[in-house]
Each structure stands twice: as structure tokens, then as C-alpha cells.
Amino acid sequence: MRYLPLTDEDRSLMCNRIGVTEVDDLFNDIPHEKHLTHLLDLPQHQSEYAVEMQIKALAKRNHSAQNGPFFLGCGLYRHHIPASVDHLIQRSEFLTSYTSYQPEISQGTLHYLFEFQTQVAILTGMEIANASLYDGSTACAEAVAMACRITQRTPVLLSGGLHPHYGEVTRTALQMKTIDIRSSSVKPEGGENLLDQITADLACVVVQTPDIFGHLHDLRPLAERCQSLSVLLIAVVTEPFSLGLLLSPGEMGADIVVGEGQAIGNPLNFGGPLVGLFATRQKFVRHMPGRLCGQTIDVQGRRSFVLTLSAREQHIRREKATSNICTNSGLCALAFSIHMTLLGGEGLRRVARLNHQKALELVSALQTLPQVEVLNRTFFNEITIRLPMSADLIAEKAAQRGVLCGVPASRLFPSERFENLLIMATTELTTDQERHHLIETLRSLLTEEGGK
Amino acid sequence: MSSLDSENLSPLVHGKPPLTHKKSVSGHYGLQMEEGLIFDKGRSTITGVDWENPSLPCLKALGGLEKQAPLNLPGLTEPETVRHYVRLSQKNYAIDTGIYPLGSCTMKHNPRLNEKLARLSGFSDLHPLQPDCTVQGAFALMQELGRWLLTLTGLKAVALAPRAGAHGEMCGLMAMRAALEVRGERTQRKKILVPVSAHGTNPSTAALAGFDVVQIAARGDGRLHLEDVVPHVTPQVAALMVTNPNTCGLFETDIEKIAACLHAQGAYLYCDGANFNAIMGKVRPGDLGIDAMHINLHKTFSTPHGGGGPGAGPVVVSDRLAAFLPPPFVVHEGEGHFSLHLINEDHPSIGRLTAFHGQMALWVRALAYALSHGSDGLRQVAEDAVLAANYIRVCMADLFSQPFGSQTCMHEVLFDDQWLEGTGLETLDFAKALIDEGFHPMTIYFPLVVRGAMLIEPTESESKASLDAFIMVMRDLALAIKRGEKERFKNAPQWTPRGRVDETRAARQPILRWTSPRL
């Protein structure tokens, strides 16, 4: 077996040294009758090439986004990732190290986490950020739990434009705390009036911008009202490139910003692994979940980094910890940070503008289809359209023609009557040709299916 | 270099020379490169990508929310970026550098085939909300990985969604909570029993899942005994969380009896699967009466630890809990065709645990690992891991102290600090001296049940020569301590990019981000 260095001779020498006749003697603590004497009913070991062929055959059964026009978003976005990002995260010292429990020999990881925390803080317009969480949805649930801890109140108000998965994950995570979670009604056309629903009994209000349908939200009036009632405003950002063009949640007065960082540096990966962003105000630092890297000095007075404030964490606090999180999303945070370093403020702004430009072009092109209604008045790189028939059907038919045209809203809102709504995203990678291909496919499908 | 405030200390400005060198002019020492922060050297007007700057015809769609002030995020060109991160990487120890014997972490070799396969565009460039007909290969892969995990553990149903071990623990406990709800016993069964030796995530998860944690002490032999558990198993108990093999590296010999006792009283048995590497292919947890167990794919199934993540923690459960698992559910419709269901029509699921489906890129790696080893190889993995730990145990037993006597261990061996008594040195000093010798230390001060714990898990990835080299250094250091050497340990590490760091200062005056010196 190519991954196991011990030879039979080694094994026998080691058994001798230990004083057992065979390795099985070391397993005597396992109840005798439960000890497996036969191999389990699974294939036996295979060569590297054989495994490669087998897994490649599975990959071939998937239609990758590279294979044709692609317009899916809804919290995960396909952007260009510079080649150096994936190369660097595969450096052995990043890829195969563990959590930085020994700071003297993990300054590399700690250094980039400190930079990552700073980049996220600047990007979101907040004072501090943590070293990442699993993904945006679990970050959202953690933020709501944190807001309840800080305010010592429980009712929570979720905007109807919040990614439905984020709402569901928050409900799942908080179900045992019997927290009253209220949801504002879902308005695919935009125009949600959240302001009047903010009452003084709330712990927090959760608003996503751009929201799941692509609408932008001005958080400033909400922040003002929240502040006057001591309710915390949690902003959710699932497309971080939007922050290259739009006011950051911090600039608009949010208290906690959570987000999905995948779009920067990380591929779609069928939804995982992802990287949860979590930023807030300095005064809430000891309520924060997840790892934090801090700057300090070593015995010689040199700037050094170390994991800190672990008194909040499970390995110290056990049942009193702020969260049970142990693993973060280190390598994805590194990819985010490297890509962000390559972009810089200027690169981020350019890519953001390109994204918006592509969305404007898509909207114009869709307007040539008389049966299609674009619902958005505001958007960044994602919009929702209403079709004259089932969006699920159109998406399925378009896929058969090699076009991935968007996410049918019914996939995310199975219990709402959104059958005809399709959510579509563009990025800097969308070409004129792909857009043209999409429009012609929609045109012919709408004619064919409409005639049935 | 830009001006620095008092907190942003630079070795050039403020550093005292390292004890063992004269000070260099550059701040570098041979191949050991000093590296600043991107904020010290980048500028927000520099970018390492070549996108054009489009003129937007109209900003109306931004609804008056366009950013006014430029983002002060530093950019670097590609050569500068590559150099920055390569230099940083060189400050890390990694499995690829040498043995990484962190107990309870299973730092095994990460096969590069798995990296290659996870990057196939058929997996990496795939969106989870694509039509089902375009992702049949992904569903087939999920189904196949699930089959491997179920066969290896002898359990009945699997949830792939959890994004880490602790996330899996949450999933398992919530399934138990949901099952109790259906039985009408949720409000009655509020307690979760947790041995003192458990990982911190266990009590933390139990508390977050809404249970009261009751700690149970282990016996003098490091194990949980039926008679110590029985008095705690009341009608108020929902479950016991156990790690098996436990964090002392010992197999819980009473596990079946404990399971039977819990089941007789209507409670469940949760197993922290962090140590599954020790028993894979040797015994199936399902045969021992376990109701739920998470499997850390980043431990047992070799997905890279990546400096602390991402991980993956699929959960396997018994018949009792199968109905309550979270979505998504991959359903085989026949003839190799799969569909994805979000709702289990027959049963009340605990609800969605995470957005989308879970850690696909890690599932690819884990399946590649499983296929590579096969059922014979995975069994060999467990045997080699246990053999290596016991080899270390017997080769060091005369110099180090074992808290529970000289019994056979599983895949990790636990020593305490009794042998250091009277030397003026502690476990930490020993660990830091090990760093100077080019080894990553073992897990220290965990488990909490023994004083000054040193938990060594070599894994199956080490050759005998590598194990011998590690043992030789461990012995050498122990002998040096016994000879009365002290300074070498107190001052360690000296040969690293940084010496011991001031953790108190970091926590008392937290500096969690760079700030502009001009502010």
C-alpha cells in the first residue's frame, strides 16, 4: 500500500520489541466476539491510476460550469481565481499543518490569519473580524446567538430577503433555545418594509444585501432605528465583490456583519468547503465565536502572532463556551486572503464594476424578451425575473441544451408560490457570447413550451 | 518600510538579537526570511490582476448606495504576492516537514492524488443548485462515500452535511433531541453525561444543544466503568457522549455494557469518532451499541488540516435516529439515477444544518482515500497506527511516566508529568525543546484528567526509521533533564522564526487587526 511506510519486517520487529506475537494482540481490549475477523464487504486497495479513473468517471457525469453559459448565484458565485491562489494554498506548509497551537512554528498561518482578519474588517467596514467560520449560513446563526447573548433578549427578526438556507440554519441552530424567530414576509419584487417591524423587544434584525433576489438594501434607516431601540443590526453579505462598489454594512451602521467569502479565491465546489466571514465592533470582542489571532511579542520583543482570547472557546470553557466551534475554514480563508491581496482595493473595485456592467447588459438583453419581466429596480450582479411558465421547467430544458440559466426560486422557497421566478447572476466571467446564447435559448424555449 | 506605531514592532527597529546569533543587517537569517505585513508594503492603488476599469453608463441600479471613499485594502503584484506567501509558508511546521504527533488530531499523510481529483472541474466548478440532471456524478459520489462510511461503522444512516467534527456532534445530539421529542420525553430528559476526559467540544455541544452537562470521572485505569455510569443513568438522561478509543488512548472495554444500560433506560449513546483511525476495519461501532458517531474526514480520511480547516464531520446513526437526520437526502431512483430531496416525507428531520449540501471537495478526497486503501488497506491503517503508538510506548516507558500503568494503548499513547517532578521543568518546556530538535510536539495538557499530559499519536504514516528518530530524541531530551539540564529547556525554542510568545499580553490588550499608523 503506497501510503503505508511500514514493511512486514518492520511490523514484526516492532511486535517483538513490544512483546506481542502479532499485531492483533494489541486489539485485545475490543470485545472478542465483536472483533472483525474478516474484511468488510468493500473493494480492496487499488492503484493510484485505477482510483483516478474511477473518480474521473464520476466527475464526467457532471455538467461543470466551464462547459457552457452559466448564470447561477444565490450565495455562491463563479469568479476568476488567479492561478497563483491555488498554487500557494497547496504549499505543504499551509496545506498539511494543523491549528496553530505552537506559535513558534506556525507564524506562517498566524500571520495570514491576522492579515485575513484585517482584510475582512476593512472590507465590511467593521472594527474587528475573526479567523473565519464554516460558511455564511452558520456564521449567520452564530451572529444571532451572539446578539441574544449581548442583549439578553430573544425575539429575532429575519428579513424576507435573507437567503432561505441561512434562515433555516439559524432556526435549526437555535431551536433548542426556544428563541422566537420572526420572519418578515418574502417580497421577490422588493420593497420590503422592515423598518416598521423593528420593535424594542427584539435582540436583533438580520438583513441581507444584496438580498436573495438581488435587491439592494439601504441599511442606514434600519441602523438608526435599531440603535435607538438598542436592537442589534446584523448584515449578511453573500457576494463580497459587491463591497467593491457599494457602501459597506459597517459604513451604514451594522453591528455585526456576516458573510460568505467563497466568491473571493474559492471555487464553487458544489457548495463546500466555504468560508464564513464574521466581523463586529471591538466592544463585542469577548462575545465573538470562533478563533481569533492576535498580535503580541516574543521573548525577544519581536512582533509575533498567537491565537488569543481562547477563554471564550470550547477547549477552555467547555460547557460554558460561546460556541462549540473548533475547526475554522483556514485554507479557504487563506485563498480569500491571497486573492484579496492580488486584487487590492483597486482590483476589487474594477471587478465589482465589471460585475455590475455585466448585470446591466443582462437586464438590457432580457428586455428583448417580451414574456420576461425583470423584478429588480436595484441590483449588483444578480437579478430575479418572472417567466410566463415554470422556472424549474425552463432551467431543466435549458440545461439539456447546455445552458445553466439560473436558480428557480422554488428550489429555495418550496413552500412559497414562486414557481415562475428565476434568479440569475452574472460575473466578470460572463461573455457577450454566453449572454447571447442564454437569451436565444430562453427565447426558443419560451416559444416552444408556451405553444404546448 | 512605513512608520510603525509602538505595537507594530519590527525586528529591525526594536528587536533584540536572537540569543544564538549576532544580529543581521537585513533581519533575515540565511533562509529564515523576516516578512512584514501586506499592510506595511502594499498600496490600495496597486493590483495584481489585469481587469479593465469599465465605465458604467448609469449607476441608477445601485439605488444611491455606491461607495464614496476608496477601499483601503493593500494590493500586491503577482511576484510580490507569491513571495510574501512562500515566505510565510516557510514559518510553518507541517506533516510534509516531519512527524506531527498531535494526539487526538490524526495528522496523517495527505495523498496528493486526492488534491488532484478534488480539483477536477466536474467537482470544483459545480454549483449545488444546478438541475439534478447535471450533477448525477456528484450524487453518485455522495452515495458511494455514504456506503463506505456505513459499512465501516455498521450503522444505518448517514448525514454528510456537517462541516466539521463539532458540527457533527451538534447534528447527532439534535437527532437525539428530535427522537426524544417524538417519544414525548424531551422535556424530561435534559441531561447528557460526559466523561471528564472528553474533548472540549463534547460538553460545549451538549450545552448548546440545550442539555445540562453531567461530568463523569474515569477510574484509575483511565476507563469508564459500568458501575460508575449506572448511578447516573436516570430517566432524566438523554445520552452519554463517549470517545472510543478514549482520549487517554484506551479502548473503553465496558462500552457494550454501558450501551445496554443506556438503552434499557431509554437513553442514547453518542460516540465522538475523532479516534476512529484506531479501530477502522477492526470493529464496527454499530456492533458496540453506538447510536450516533461523527467521523472527522480530516483525521481518519486524510483530508488536509489546512492550518485548522476546513474539516468535515459526517454523522452515522443507528435505526433509532435514522429518521431525524438533516437534509439533503440523496435518493437512488434506480438505474444509476439519483435525485436530491430536501424533505423526508415520513419523518421530522432536525432541519437544515448548513447552506447547500456540505463539504463536497472533502468528500471527493475522502472517497479517493477509501478507494485507494480498500477494505484491506483501511484495516492495515488501524493496525499500523496502533502498532506505531505501542512501539513508542514501550521504547519510552522506562523514562516517561504513564498515568494508567503499562497497559496496551490504541493509536495514541499518553504520558503525564510525574517524571518531571522536582526538575523545575514542565511539560511545556519539554515540548518547546522538542521543537528545537525539529519535531512538532505532541498534544500537551490534554486530556485534562492527567497532570501535564503528553498525548502522542504517530499515525500509520511514519516509517520505522522516522519513529526511531523521534524516540531517540525524546529519550535524549528526557535523559538531559534527568542529568539536571534546565536552561536549554527554559529557553527553548531558540532555532525557530520566533521564540516563546507573550500570550498574556495578547489577551490583555488584544490587537486583532492592523491599523494604519497615521490614524
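**Aromatic pairs: a quick chat**

Author: Across all chains, this structure holds 16 aromatic pairs. Keep in mind that the model is predicted.

Reader: Thanks! How are the rings of B:Phe400 and B:Phe430 arranged?

Author: They make an edge-to-face pair, because their planes are at 80° and over 60 counts as edge-to-face. The ring centres are 5.6 Å apart.

Reader: And where in chain B do those two sit?

Author: In distant parts of the chain, 30 residues apart. B:Phe400 is in the loop between helix H10 (360-396) and strand S10 (413-415), while B:Phe430 belongs to helix H11 (residues 427-436).

Reader: Buried or exposed, B:Phe400 and B:Phe430?

Author: Both B:Phe400 and B:Phe430 are buried.

Reader: Okay, next pair. What about B:Phe439 and B:Phe470?

Author: That aromatic pair is edge-to-face, with 5.5 Å centre to centre and 75° between the planes. It also links distant parts of the chain, 31 residues apart: B:Phe439 lies in the loop between H11 and strand S11 (443-444), and B:Phe470 in helix H12 (residues 464-482) of chain B. Both B:Phe439 and B:Phe470 are buried.

Reader: Nice. Changing topic: which ring does the charged end of B:Lys282 sit over?

Author: The ring of A:Phe27, at 4.6 Å from its centre. The two residues are on chains B and A.

Reader: And A:Arg78, where does its charged end sit?

Author: Over the ring of A:Phe70, 6.0 Å from the ring centre.

Notes. Residues are numbered from 1 along each chain as its sequence is written. Chains are lettered from A and ligands numbered from 1 in the order in which they are written. This is a predicted model: local features need pLDDT of at least 70, side-chain atom pairs count only at pLDDT 80 or more; totals for chains, interfaces and linings use all residues. Side-chain values use heavy atoms; hydrogens and water are left out. Rings of Phe, Tyr and Trp (its six-membered ring) pair if their centres lie within 6.5 Å; planes under 30 degrees apart count as stacked, over 60 as edge-to-face and the rest as tilted. Helices (H or I, at least four residues) and strands (E, at least two) are DSSP runs, numbered from the N terminus. Buried means under 20% relative accessible area, exposed over 50%, partly exposed in between (1.4 Å probe, protein chains only). A charge sits over a ring if NZ of Lys or CZ of Arg is within 6 Å of the ring centre and within 35 degrees of the ring normal.
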